[in-house]
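Keep the structure in view while reading.

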Amino acid sequence: MSVIESVPVNTYRNYLSILNDSSTKEELKLKATQELSEHFEIIMQSPAYPSFLENSLKIFMHILQDGEPQFVQENTMQHIRKLILEMIHRLPITESLRQHVKSIITMMLKILKTDNEENVLVSLRIIIELHKHFRPSFNPEIQLFLGFVKDIYTNLPNHLTSIFETSSDIWISDLKDLNIEVLLSDAYSVKTIHVEKQLDSNSQQQLYNLLPRGILSLKVLQELPIIVVLMYQIYKNAVHQEVSEFIPLILTTINLQPTITQRNSPQKEIFVDFMGAQIKTLSFLAYIVRIFQEVVIASSLSVTSGMLNLMRNCPKEAAHLRKELLIAARHIFATDLRQKFIPSIDKLFDEDLLIGKGVTLESIRPLAYSTLADLAHHVRQSLSLDVLIKAVNLFSKNVHDETLAVGIQTMSCKLLLNLVDCLRQHSEIEPQRSRAILSKLLKVFVKKFETIATVQLPLIIQKCKGQSNSGVSTNLTGNVSLPLINVPDLKDDQVSNEQAKASATGSQWVNSVNVAEFRSLVKTLVGGVKTITWGFFNSKFQVSDTILANHEKIFGPEILSFYIELVHYAMEALDIYTINVNPNQQRTSGLISRSKEEKEVLEHFSGIFLMMHSQNFQEIFSTTINFLVERIYKNQSLQVIANSFLANPTTSPLFATVLVEYLLDKMEEMGSNMERSNLYLRLFKLVFGSVSLFPVENEQMLRPHLHKIVIRSMELALISDEPYNYFLLLRALFRSIGGGSHDLLYQEFLPLLPNLLEGLNRLQSGFHKQHMRDLFVELCLTVPVRLSSLLPYLPMLMDPLVSALNGSPTLISQI
């Protein structure tokens with residue numbers, strides 16, 4: 001037997017009859033109402049529901065219409081009226097209900113004006129639901145309702161003192177002694193009634209609650225703005241004028257200031273409710289600000305002072321109100337009104353004002369910082385240097401705050417790099433302070449690279465490997481679930497205490513790592529350092545002596561050390577692109593970048609150093625060349641950086657000199673370690689290729705090293721396990737500079753010709769594998785000198801010529 005059948009529908013009709021009978025005791029009516037409420041969902045599923053709806057609404061409306069509002073919460077009739085309103089709110093949105101919508105709304109609007117806080121709050125929800133779903137046609141009652149709300153706002157300032165200074169406790173000896181009308185005149189929230197009754201010789205105290213009128217209730221006041229917004233959405237044209245009249249009332253309301261004593265009153269809940277009403281009123285303004293922008297801007301001082309006061313006064317325990325306040329501020333900052341906040345924006349960089357003290361809700365801080373970042377970004381050109389410094393200080397701290405999401409750290413980086421041009425402009429007036437801030441920004445970005453490289457990236461890679469080994473793949477966006485990592489865990493991973501503190505503020509790191517987010521952060525950091533470097537070279541700096549003007553672009557030791565650290569940490573952090581977020585997809589092999597984004601980031605990274613003075617460039621890479629080559633060995637994509645340096649006419653001879661000197665020291669390794677040999681051979685080819693690209697600059701670079709490359713190659717080939725690599729090196733050299741256009745280098749070759757040709761002849765006529773013999777023949781035929789210089793050595797070239805003619809098409813083409 002179903003539940004519906006177990007309780008006959010007639011039983012519910014009997015409950016309605018009990019409610020409708022004026023002679024029935026209130027206790028029985030309450031029992032009947034409770035039974036109806038308890039089984040309300042069952043009734044709504046019954047086939048008899050349409051007729052039940054018709055009957056029940058008549059009786060419900062009669063009770064609400066003819067019954068007196070009750071203001072003692074425990075009163076039986078109050079329970080009945082509240083349950084009835086809640087059942088009306090629970091009515092399903094069906095066509096059967098449509099014909100009753102107008103009469104229900106009319107009744108609810110009446111209740112708003114006459115009933116207590118509890119019932120009015122339910123009535124407001126009913127009004128909202130019915131308007132949302134049925135969008136009833138406009139009628140004069142709506143204008144009357146808006147007028148009623150306007151009156152509440154108009155009278156609010158007059159009640160400010162009594163709201164906070166009226167006691168929340170009432171002491172009486174008997175409930176009959178309660179003077180309801182007098183007490184309701186200054187009741188803005190629920191008051192506790194203490195009744196003392198003498199029973200025998202024992203004194204027993206009973207507690208009741210006095211409910212305020214809806215028109216005075218602070219809780220009701222919090223709900224009114226959303227209804228006015230709803231009315232505007234539905235009846236826009238009809239109520240436009242009425243809503244515009246709310247603006248001065250809104251501005252007055254958000255500027256109401258309880259005294260310090262009132263704010264610190266023991267009745268904390270009253271203050272929280274009052275602040276809630278103010279903040280929801282500000283949210284109302286945020287909704288209509290675009291519609292009435294000119295009117296609001298004309299009173300902008302009231303908006304700015306009101307909002308700042310709300311931020312200052314918002315209680316620390318009311319995180320939900322702070323969140324709503326920030327959302328409203330975000331909407332207001334998205335309009336032209338944001339320009340009016342410029343004079344007071346420096347106050348917003350005070351976190352005690354922006355976020356408040358003691359707020360623990362984690363969603364508050366990201367919302368606060370992103371809201372402030374939006375404002376600062378749009379008005380940055382109008383900010384003073386002092387305010388810019390405050391912005392730099394706050395958002396620099398956020399870049400290193402690991403309790404914030406990676407996305408917020410990235411946003412903080414983006415804001416900082418957007419401030420660089422503003423600092424450049426201020427350098428016209430205050431060059432030293434501007435340069436100091438740029439230096440600080442550089443340090444912040446480099447230190448962030450350090451944290452990523454030394455702490456976060458190893459953990460991400462470790463977790464990715466762990467998932468890969470366990471057969472659980474990461475998804476396409478690269479989400480990797482990390483367990484909570486506390487400081488001791490970090491120490492176990494050979495992370496220093498200082499780094500552990502930097503990366504795991506508090507006792508845990510992030511729960512979930514998104515590789516794509518970290519890539520975005522690294523990309524932003526690279527772009528940021530490039531922008532800062534641009535800022536250095538485009539800012540005005542004080543130069544006491546005109547002779548020193550040319551040295552403006554030369555960095556001193558401190559800044560230079562940051563760039564050296566940048567090479568170390570950024571080139572490690574760029575390994576974030578080596579993490580394969582799709583295990584089913586094979587990694588791209590060779591030197592081709594794994595993605596367009598990675599190549600773009602690497603080129604931007606190279607661009608940082610391409611801007612520099614040649615002296616600084618050489619100092620940086622003379623110091624870091626060993627590390628740079630090691631990094632390329634571990635991550636081949638980083639070769640893009642070396643390619644960029646060698647492909648730039650300014651840096652090519654400088655970097656090629658540093659690189660070739662490094663490679664000459666490593667030549668012995670080419671005879672034993674094949675992997676290293678392949679890398680060094682590749683880098684030698686890059687150096688040789690740069691000679692063809694920039695012959696004027698790079699012939700001079702290679703010239704002093706030519707003898708050593710040739711002689712050492714021949715010597716090491718005779719004693720190494722893998723001599724083939726040295727001949728490949730010579731072939732790369734000969735091919736790159738052959739072709740008759742490098743006279744300086746050809747002159748260097750002339751003294752080497754006799755011994756070189758003799759040695760190669762001897763090798764090609766010995767017992768070697770065919771591919772080795774072919775290589776010797778090719779080397780003999782491609783020695784990079786002019787043909788006229790070879791004539792005296794023709795006898796030495798006869799055997800190689802014959803071998804070439806009998807060899808492969810490749811060899812024949814060398815003749």
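Two residues are in contact when heavy atoms of theirs lie within 4.5 Å. The model discussed here is predicted.

The protein as a whole comes before its parts. It contains 44 helices and five strands. Of its 815 residues, 53% are buried. Among contacts with a separation of 6 or more, 76% join residues 24 or more positions apart. The accessible surface is about 36,800 Å², and carbon and sulfur atoms account for 52% of it.

A residue to look at in detail is T33, which sits in helix α3, spanning residues 26–38. Is T33 buried or exposed? The relative accessibility of T33 is 0%, and buried means under 20%, so T33 counts as buried. Leaving aside residues up to four places away in sequence, T33 touches L19, I80, L83, I84 and M87. The side chain of T33 also has a polar atom 2.7 Å from the backbone oxygen of K29.

Helix α22 runs over residues 364–379 and has 16 residues. From its first C-alpha to its last, α22 reaches 23 Å, close to the 22 Å expected at 1.5 Å a residue. The helix is mostly covered, as 12 of its 16 residues are buried. Among the buried residues of α22 are I364, R365, L367, Y369, L372, L375 and V379. The cover over the buried residues of α22 includes α19 (319–333), α20 (345–348) and α21 (351–354), along with α23 (385–399) and α24 (406–418).

Cysteines are the last topic. A disulfide is a covalent bond between the sulfur atoms of two cysteines. How many disulfides does a search of the whole structure find? The search finds zero. C314 has a relative accessible area of 5%, which is under 20%, so C314 is buried. C422 counts as buried too, because its relative accessibility is 2%.

Methods:
Residues are numbered from 1 along each chain as its sequence is written. This is a predicted model: local features need pLDDT of at least 70, side-chain atom pairs count only at pLDDT 80 or more; totals for chains, interfaces and linings use all residues. Side-chain values use heavy atoms; hydrogens and water are left out. Helices (H or I, at least four residues) and strands (E, at least two) are DSSP runs, numbered from the N terminus. Buried means under 20% relative accessible area, exposed over 50%, partly exposed in between (1.4 Å probe, protein chains only). A polar contact is a pair of N or O atoms within 3.5 Å; within protein, one must be able to donate a hydrogen and the other to accept it, and residues adjacent in sequence count only if both atoms are side-chain atoms. The expected span of a helix is 1.5 Å times one less than its number of residues. A disulfide is a pair of cysteine sulfur atoms within 2.5 Å. Accessible areas come from the Shrake-Rupley method with a 1.4 Å probe; for residues, only the protein chains shown count as cover.
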